[in-house]
Amino acid sequence: MYGVVISVDGMRKRYGSKTALDGIRLEVAPGRVHGLLGPNGAGKTTVVRILTTLTAMDEGSALVDGIDVRADPARVRMRIGLVGQYSTVDEELTGWQNLELYARLHHLPARRARTRARELLERFGLGEAAGRRVCTYSGGMRRRLDIAASMVRAPSVLFLDEPTTGLDPRGRGQVWDSVRELVAEGTTVLLTTQYLDEADQLADRVTVLDRGRVIAEAAPRELKSRLGGDRIDVIVREPGQLERAGELLTGAVGGAVHLDPETNTASIGVTDRLAALDNLVRALRSAPVELADIELRQPTLDEAFLALTGDGDRR
Amino acid sequence: MTALLDGYLLTRREVQRWVHQPAPVVIALLFPVLQVLIFGYLFGGAFTVPNGSYLDYLMPGVYALAMMFGLESTLGAVTADLNRGVTDRFRAMPVRRTAILTARAAADMLNSCAGFAVLLGCGLLVGWRAHEGIGPALAAVALLLLLRFALVWLGIYLGLLVRRTELVTAVQILVWPLGFCSSVFVSPSTMPPWLGAIAEWNPLSATAAAARELFGNPGWGAQTWAGQHPVVLAGCWPVLLLLVFVPLAVRRYRRG
């Protein structure tokens, strides 16, 4: 299949009596970031484990860079990089020692491995920290070192399993930048995440998994538009006025309003943006509600996800 | 060839870690030294053995026990690598899969040799001596290290099997009664008969008794077959353990 780097069809996996994957289909085009999105236990990590030859599937077919995962796992391992959920670099060693080890484990000769380790450290902005032990690194630096360690042989596909779990916003930003650069250079990335804004930020396409099945596959933008258009947020100054604001929104726009007492925000979906705003502004003019802000925005993937799985309670 | 190189690189990784983080290694080395002090001096006055000094009886037992406690560090290291995803990461790379296990075994054996050297020095310092000459003494050292090697593989298998940290702690605690239900500190003849029989057939006792015989240190005057053929037992037990647990560990590892 030309123009497809990952091709999965009918992938099934059972652990005892529990079905982990129930017929997954997945296609990833070269040079793209593909997001696997879903709550805990949806099967994201199992898909990654099968594609990285760590777990055998029960049924179905899977090709990575044109190689059959089942028939030739050793060759698949030559073409992929895997960055798992936890940092696997050694805390006690320096950044340089870590990368030199990974370069040698990818069977580069000793001298070439040293040069490559230095290149990668520079490339991921860790040149100055090269001689320091990893336990002195920030979370974001560690993750970048993890990614660098999987880029020794410039793999065709990089698997990132929840790469920013546990990172602060700055660390996440750094990791996102690194991923964007890799993709700009032509690496294909399969990314699993629970963070919907992460998929939104990085992914060209998103496959949404729920309980081992694909429940949607689309570009993030498309996924949002399936929700039925944009949303208006009204943020009140006084918490006591939140309900009143909600009533106003329903009256002006029509439909179900969502109240969030934590942020003092009333939110509602709209189909005709201009008419809705016009009605709302007129209703507010005569109402005793003091606003902190008002916002017209696209729905977040969180909201899209809730709409797709249909049950908000589970999360 | 690549398997050898991979094995060497992963062993080097362990050694580099020790160099950068020596504290746990040093503590692990000093732990058996502490046993010598506690049992040799604190309790030792109350213990007697039929023919000879208690310290001469004790030291080979402490050597054997140190080999046994090595099981805990192997187990801990295997599960730590598993739980941190390090093992999976290596498995998804073009690294020979067997190299990951053999490197663990090699690194732990290096560590054990270093620990054993410190402990032998400590023994000599407190007055323990080998009386049978260099040949038998080396044979005793070899049998002790053979036991450690067998227990490395048991540790690898158990580590791959239990995985969860709470269970690892449970196994680590279980090592204690197994270690003490032996001829390491006291003669099995002082125990209730059923317990004495277990202690006597314990692989740890076999190696301790064999080391006593080869070092020319006093034994506990056993009249039973197991007690009178410790060298044979000390050779057979580890080989048996290896025959069982090497294939089990490799199979478990391949299955993922």
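**View 1. Burial in chain B of the predicted model.** Let's start inside: of the 256 residues in chain B, 43% count as buried. The model shown here is predicted. Look next at how the chain folds back on itself: among contacts in chain B between residues at least 6 apart in sequence, 81% join residues at least 24 apart.

View 2. Read from the N terminus on, the elements of chain B run α-α-α-α-α-α-α-α-α-α-α.

**View 3. Overall dimensions of chain B.** Taken along the principal axes, a box of roughly 60 × 35 × 35 Å holds the C-alpha atoms of chain B. The radius of gyration of chain B is 19 Å, which agrees with a compact globule, because a globule of 256 residues would have a value near 18 Å.

**View 4. Where chain B meets chain A.** Here 22 residues of chain A are in contact with 19 residues of chain B. On the chain B side, at least two residues each come from helix H1 (2-20) and helix H4 (86-91). Which helix gives the most to this side of chain B? That is H1(B), with seven residues.

How values were computed:
Residues numbered from 1 in each chain as written. Chains lettered and ligands numbered in written order. Predicted model: local features only at pLDDT ≥ 70, side-chain atom pairs only at ≥ 80, totals over all residues. Contact = placed C-beta atoms within 7 Å. Helix = DSSP H or I, 4+ residues; strand = E, 2+ residues; numbered from the N terminus. Rg over C-alpha atoms; globule rule 2.2 N^0.38 Å. Buried ≥ 20, exposed ≤ 12 C-beta atoms within 10 Å, placed from the backbone.
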